[in-house]
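Q: I am new to reading protein models. Can we go through one together, feature by feature?

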Amino acid sequence: SIDDVSIQESLVRWIRQQEGGFFNDKQEFRRAIPGDPSSPFGIFVASSVIPKGQVLVSIPWKNILTAGLDEFDTGLHCHTIRLLFDEMKRVQQQGGNASSASSAFLP
């Protein structure tokens, strides 16, 4: 399995590599309770006070998985889940390896 540090570094690096992507250095992406693998991930202030109005995270819209407006005739009522399913299927068809697959949604 992938360790927490790899997940954190991969996600922040992925955000920063996107055209228009930004992740503020004054915060960190980590588990709410460090060291507890059942604790959810979140973004927390890391080093100092972040001034009002400073950008925290910027992710371009092209990288956002949204529900969209089209109706799907699949029995899946949540459009976001349908888009996630389609993207996972597309990556699987590329060989199923997330590290070598081409996806705008993979860190």
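A: Start with the secondary structure. This is a predicted model. The protein chain has two helices and four strands.

Q: In what pattern do they follow along the sequence?
A: Read along the sequence, the pattern is α-β-β-β-β-α.

Q: What share of the residues counts as buried?
A: Burial is judged by relative accessible area, and buried means under 20%. Of the 107 residues in the protein chain, 21% count as buried.

Q: How do I read contacts along the sequence?
A: Look at how far apart the partners sit in the sequence. Take contacts between residues at least 6 apart: 36% of these join residues at least 24 apart.

Q: How do I check the length of helix α1?
A: Helix α1 covers residues 4-17, which is 14 residues. At 1.5 Å a residue, α1 should span 20 Å. Its end C-alpha atoms are 20 Å apart, so the two agree.

Q: Which residues of α1 are buried?
A: They are Q8, V12, W14 and I15.

Q: What covers the buried residues of α1?
A: The cover includes strands β1 (22-23), β2, β3 and β4 (57-58).

Q: Is Q8 buried or exposed?
A: Q8 is buried, because its relative accessible area is 19% and the cut-off is under 20%. Q8 belongs to helix α1. Leave aside neighbours within four places in sequence, and Q8 is in contact with F29, R30, R31 and F41. The C-alpha atoms of Q8 and E28 are separated by 8.2 Å, though these residues are 20 residues apart along the chain.

Q: Which residues make up the largest nonpolar core?
A: A core is a set of buried nonpolar residues joined through their side chains. Here the largest has five residues: V12, W14, I15, F23 and F29. Helix α1 gives the most to this core, with three residues.

Q: What does F23 touch?
A: Skip neighbours within four places in sequence. F23 is then in contact with V12, I15, R16, E28, F29, I43, L56 and V57.

Q: How many aromatic pairs are there?
A: The structure holds one. To read a pair, check the ring centres and the angle between the planes. The rings of F29 and F41 have centres 5.1 Å apart and planes at 10 degrees, so the pair is stacked. The cut-off for stacked is under 30 degrees.

Q: Which parts does the pair tie together?
A: F29 lies in strand β2 (residues 27-31), and F41 lies in strand β3 (residues 41-45). The pair therefore ties together parts that are twelve residues apart in sequence. F29 counts as buried, at 14% relative accessibility. F41 is partly exposed, with a relative accessible area of 29%.

Q: Which residue lies over the face of F44?
A: R30 does, at 4.0 Å from the ring centre.

Q: Where does I43 lie, and what does I43 touch?
A: I43 lies in strand β3. Not counting residues up to four places away in sequence, I43 touches F23, Q27, E28, F29 and V57. I43 is partly exposed, with a relative accessible area of 44%. The C-alpha atoms of I43 and A32 are separated by 8.3 Å, and these residues are eleven residues apart along the chain.

Q: Where is the place of S39?
A: S39 is in the loop between β2 and β3. At 5% relative accessibility, S39 counts as buried. Leaving aside neighbours within four places in sequence, S39 is in contact with R31, A32 and I33.

How values were computed: Residues are numbered from 1 along each chain as its sequence is written. This is a predicted model: local features need pLDDT of at least 70, side-chain atom pairs count only at pLDDT 80 or more; totals for chains, interfaces and linings use all residues. Side-chain values use heavy atoms; hydrogens and water are left out. Rings of Phe, Tyr and Trp (its six-membered ring) pair if their centres lie within 6.5 Å; planes under 30 degrees apart count as stacked, over 60 as edge-to-face and the rest as tilted. Buried means under 20% relative accessible area, exposed over 50%, partly exposed in between (1.4 Å probe, protein chains only). A charge sits over a ring if NZ of Lys or CZ of Arg is within 6 Å of the ring centre and within 35 degrees of the ring normal. The expected span of a helix is 1.5 Å times one less than its number of residues. Contact means heavy atoms within 4.5 Å. A nonpolar core is a set of buried Ala, Val, Leu, Ile, Met, Phe, Trp, Tyr and Cys residues joined through side-chain atoms within 4.5 Å.
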